[in-house]
Amino acid sequence: FARSTTESIRDVLPKGTRMLEDFHAHPAYIAALAALVRGNWTTHGQPDVLVMSFHGLPPRSIERGDPYFRQCMKTADLLAQALGLEDERFRVGFQSRFGPAKWIQPYTSDILTRLGTEKTSRVDVFCPGFVADCLETLEEIAMEGREIFQHAGGGEYRALPCLNEHPAWVEGLAKIVRPAP
């Protein structure tokens, strides 16, 4: 949930439309995220570090009471717990800032630079705030992120896909929108 997005969508919906505002901590969502990551790790092995990258916001939004940052951190913590990750095995960052203003930090690009300069052998980057791949995940994270990490001296880089049509997500989404009676 970010007010800037949710409220602008609400403004154009017909009155009476039921809107699910957030599901950042819903067990079905966390389970789907974890299933996708575990599936990738089963195929490709585990990285040294999992970077969870969320879309950024200007800090003034958070200062005005927007719950977005807190919800991102909750999702990251719940996913790390579901995956059994120790604190040193994951990082949380924020991407897609634009303009001269500061955005919420740490920036994903800074995390990738730091991990690269530390000669990290392998990182996986995952965007749990996106349910479907888009230009941000496919270009900014998958392509630009790889370049930043490897240019700084890092090793293997894997950008994990978003949930897209993953079976655990289809099942999870059904549980979220149609809760048990």
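**Exercise 1. Identify the residues with the most contacts inside the largest nonpolar core, and state which elements supply that core.**

Solution. A nonpolar core is a set of buried Ala, Val, Leu, Ile, Met, Phe, Trp, Tyr and Cys residues joined through side-chain atoms within 4.5 Å. Buried denotes under 20% relative accessible area, exposed over 50%, and partly exposed the range in between (1.4 Å probe, protein chains only).

Step 1. The largest such core has 30 residues, and L50, M52, F54, Y68, L83 and F126 have the most contacts inside it.

Step 2. At least two residues of this core come from each of α2 (27–44), β1 (49–55), α4 (68–83), β2 (90–95) and α7 (167–177). Helices (H or I, at least four residues) and strands (E, at least two) are DSSP runs, numbered from the N terminus.

Step 3. The greatest contribution to this core is that of α2, with 9 residues.

Step 4. Another core, of 13 residues, lies apart from it and includes I111, L115, C127 and F149.

The model is predicted: local features need pLDDT of at least 70, side-chain atom pairs count only at pLDDT 80 or more, and totals for chains, interfaces and linings use all residues. Residues are numbered from 1 along each chain as its sequence is written, and side-chain values use heavy atoms, with hydrogens and water left out.

**Exercise 2. Describe the overall architecture and extent of the chain.**

Solution. Step 1. The chain has 7 helices and 4 strands, in the order α-α-β-α-α-β-α-β-α-β-α from the N terminus on.

Step 1. The radius of gyration, taken over C-alpha atoms, is compared with the globule rule of 2.2 Å times the number of residues to the power 0.38. The chain has 17 Å, close to the 16 Å that the rule gives for 181 residues, and is therefore as compact as a globular protein of that length.

Step 2. The C-alpha trace spans about 55 × 40 × 25 Å along its principal axes. Of the 181 residues, 41% count as buried.

Step 3. Among contacts between residues at least 6 apart in sequence, 77% join residues at least 24 apart.

**Exercise 3. Locate P106, S96 and K119, and state the backbone feature of each.**

Solution. Step 1. Most residues other than glycine have a negative phi, and most peptide bonds are trans.

Step 1. P106 is found in the loop between β2 and α5. A cis peptide bond, with omega about 5°, joins Q105 and P106.

Step 2. S96 also belongs to the loop between β2 and α5. Although not a glycine, S96 has a positive phi of about 65°, and at 11% relative accessibility S96 counts as buried.

Step 3. K119 lies in the loop between α5 and β3 (122–126). K119 has a positive phi of about 60° although it is not a glycine, and K119 is exposed, with a relative accessible area of 55%.

Terms used: Contact = heavy atoms within 4.5 Å.
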